[in-house]
Amino acid sequence: MERLVHSRINPFPATCRQYRSCIIPALSLQLKKNSVGGRNLFMKLPQSFNSVTASVQPLDPPKVDHFDNRLASKEVLELWRSADAVCFDVDSTVCLDEGIDELAEFCGAGNAVAEWTAKAMSGSVPFEEALAARLSLFKPSLSQVHDYLEKRPPKLSPGIDELIQKLKAKDKTVYFISGGFRQMINPIASILGIPLENIFANQMLFGNSGEFSGFDANEPTSRSGGKATAVEQIRKAQGYKSMVMIGDGATDLEARKPGGADMFICYAGVQLREAVAVEADWLVFHFTDLINSLD
């Protein structure tokens, strides 16, 4: 079992204390402001995002008998049903794939980037190190990101739309907290009806000519412990009594802590990471388990 990384969480910078200010407009790609009198430019995304595919059906892995948390306890069910807010990871949870891996593959660097993603999600390296390393391997340009979004619409995990709608019907607020990028998450949020102010994610930056110039290191999700920071910030701002985090990786598990998420549900319908799954309050392979348990 690989050791989970625990690092000191830095507080929000002044520019992000109000988390609404860190959100970019819907369905847009942001360019970094040029230091010599440049201006921010925005490019609208294609209409093809109205269609969503879910062509892969996640299946239970063949041997999971050694997990004793596949059946929720009475206490876990009570907390799940009474939670004020539910926070979702996006890659390999809301969606069937890892966005940065897919973009890297589209740009011709898929295998090398996927190796770093595995390290980041298992917790064997600090997330910020893995994020920087992955982007440096292919440095996507603005035009490449746009082409990727146009040609490869998001693939939603089976049942996620129904689950989110049911949570809303139960008056629970839904958030997306992701180590992925807003450029790829905003269209997904639009499809699922998640307000952009309910998204915490990273931001790719581009120069005025569309060249890749890095990522916004001020985003809390750009570093280890960032998801925990985001959950704490949400809880403090909104005054929620109880919150749940759902995801597949070590960074999602980190969000369960005093002042953060009260419970962590490991969704292993796409990726089963044993070091994470064994520590979860509840391990599920199908969103229907969560949907049915709300009744």
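Guide: Strand 3 (residues 85–88) and strand 8 (residues 243–247) run parallel and are joined over 4 bridges. Strands here are DSSP runs of E with at least two residues, helices are runs of H or I with at least four residues, and both are numbered from the N terminus. Two strands count as paired if DSSP finds at least two bridges between them. This is a predicted model, in which local features need pLDDT of at least 70 and side-chain atom pairs count only at pLDDT 80 or more, while totals for chains, interfaces and linings use all residues. Residues are numbered from 1 along each chain as its sequence is written, and side-chain values use heavy atoms, with hydrogens and water left out.

Within this pairing, V86 stands opposite V244 in strand 8, and C87 stands opposite M245 in strand 8. Strand 3 is also joined to strand 4 by 4 bridges, again in the parallel sense. On that side the bridge partner of V86 is V174 in strand 4. Strands of a sheet pair through backbone hydrogen bonds, either parallel or antiparallel.

Strand 3 is covered on both faces: A85 and C87 on one side, and V86 and F88 on the other, are all buried. Buried means under 20% relative accessible area, exposed means over 50%, and partly exposed lies in between (1.4 Å probe, protein chains only). In a regular strand the side chains alternate between the two faces of the sheet.

The whole sheet is open and has 6 strands in the order 5-4-3-8-9-10, with parallel pairing. Strand 5 (199–202) and strand 10 (282–284) are at the edges; each has a single partner strand, so one side of each lacks a neighbour in the sheet. On average, neighbouring strands of this sheet are turned by 15 degrees against each other, direction ignored. Axes are lines fitted to C-alpha atoms, for helices over the stretch in contact, and angles run from 0 to 180 degrees between N-to-C directions.

Helix 5 (residues 127–138) packs on the sheet, where it touches strand 4 and strand 5, and its direction makes about 55 degrees with that of strand 4. Contact means heavy atoms within 4.5 Å. Helix 9 (residues 226–238) lies across strand 3, strand 4, strand 5 and strand 8, at about 150 degrees to strand 4.

Helix 5 also packs against helix 4 (residues 110–122), at an angle of about 170 degrees and with the axes 9 Å apart. That makes helix 4 roughly antiparallel to helix 5, since angles over 145 degrees count as roughly antiparallel, under 35 as roughly parallel, 65 to 115 as roughly perpendicular and the rest as oblique. Among the residues that meet there are A112, V113 and W116 in helix 4, and F127, A130 and L137 in helix 5.

Strand 4 (residues 173–181) contains S178. S178 is buried, with a relative accessible area of 1%. Leaving aside its neighbours within four places in sequence, S178 is in contact with D89, V90, I185, F200, A201, N202, T221 and K227.

F287 is buried, at 1% relative accessible area. Residues up to four places away in sequence aside, F287 touches F88, T93, S157, P158, G159, I160, L163 and Y267. The C-alpha atoms of F287 and D161 are separated by 9.6 Å, although these residues are 126 residues apart along the chain.
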